[in-house]
Amino acid sequence: MTSERRGLFHRVRGLFRGLFTTWIQDREGQNPRAVYETAIAERLRQYEGLKQAVAGILYMRNKLEAEIRERRTELVRTQDLTRRAVERGDDEVALQLISQKEHLTGEMDRAERELEEVASEVEGAKANLIKFRSEIRALEREKIRMLAVLANARARRRFQRAIDGLSVDSEMKA
């Protein structure tokens with residue numbers, strides 16, 4: 001019995017969904033401007049989300065660049081301290097500084113690899129932003145063009161009706 005109820009419920013839900021979809025499609029057919037405006041607004045919302053994602057990638061790139069600059073400065077300072085320790089003959093300090101230098105070099109290499117990856121992501125994201133923006137502009141141009149075509153077709157239809165009405169009236173008088 002429950003499967004019959006479930007089946008009936010799904011059928012009724014499908015019926016209402018179909019009726020609602022048909023009703024929406026009729027309204028969209030009557031107002032194509034609204035359809036275009038909705039599509040453009042949705043694309044703009046997606047574009048804003050994409051811009052925020054790109055901003056996050058740019059933040060990461062800038063953070064990595066700052067980290068690399070900091071590591072290079074530390075590396076130069078460590079190399080200078082190592083050279084001084086070797087000149088003084090302080091082998092224990094020199095070994096610790098060499099170990100620190102290797103650690104800094106490893107961190108810098110990791111940050112540079114990450115920066116390369118992020119830089120390629122930034123370039124791809126910028127290209128996507130440009131492409132997305134051009135698609136929005138194309139949609140806006142299409143909206144203007146299609147609304148003009150629709151207005152022209154409606155005007156021709158009104159004109160044709162007017163002409164048809166005149167010719168029928170003149171024939172009736174004759």
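The legends below describe close-up views of a predicted model. Residues are numbered from 1 along each chain as its sequence is written, and side-chain values use heavy atoms, with hydrogens and water left out. Local features need pLDDT of at least 70 and side-chain atom pairs count only at pLDDT 80 or more, whereas totals for chains, interfaces and linings use all residues.

**View 1. The chain and its helices.** The chain holds 3 helices and 0 strands, in the order α-α-α from the N terminus. Helices (H or I, at least four residues) and strands (E, at least two) are DSSP runs, numbered from the N terminus. The mean pLDDT, the predictor's confidence in each residue from 0 to 100, is 84 for the chain, and 84% of its residues reach 70 or more. Where pLDDT is low, the predicted coordinates should not be read in detail.

View 2. Threonine 78 is found in helix H2. The residue is buried, with a relative accessible area of 1%; buried means under 20% relative accessible area, with a 1.4 Å probe and protein chains only. Leaving aside residues up to four places away in sequence, threonine 78 touches Leu97, Gln100, Lys101 and Leu104, where contact means heavy atoms within 4.5 Å.

**View 3. The largest nonpolar core.** A nonpolar core is a set of buried Ala, Val, Leu, Ile, Met, Phe, Trp, Tyr and Cys residues joined through side-chain atoms within 4.5 Å. The largest has 9 residues, including Leu64, Ile68, Leu75, Leu104 and Met108. H2 and helix H3 (91-173) each supply at least two residues of this core, and H3 gives the most, with 6 residues. Apart from it lies another core, of 6 residues, among them Val54, Leu129, Phe132 and Ile136.

**View 4. Tyrosine 47 and its partners.** The whole structure contains 1 aromatic pair. Tyrosine 47 and phenylalanine 132 form this stacked pair, at 6.3 Å centre to centre with 10 degrees between the planes. Rings of Phe, Tyr and Trp (its six-membered ring) pair if their centres lie within 6.5 Å, and planes under 30 degrees apart count as stacked. Tyrosine 47 lies in helix H2 and phenylalanine 132 in helix H3, 85 residues apart. Both tyrosine 47 and phenylalanine 132 are buried. The charged end of arginine 133 sits over the ring of tyrosine 47, 5.8 Å from its centre; this requires NZ of Lys or CZ of Arg within 6 Å of the ring centre and within 35 degrees of the ring normal.

Note on methods
Buried means under 20% relative accessible area, exposed over 50%, partly exposed in between (1.4 Å probe, protein chains only). Rings of Phe, Tyr and Trp (its six-membered ring) pair if their centres lie within 6.5 Å; planes under 30 degrees apart count as stacked, over 60 as edge-to-face and the rest as tilted.
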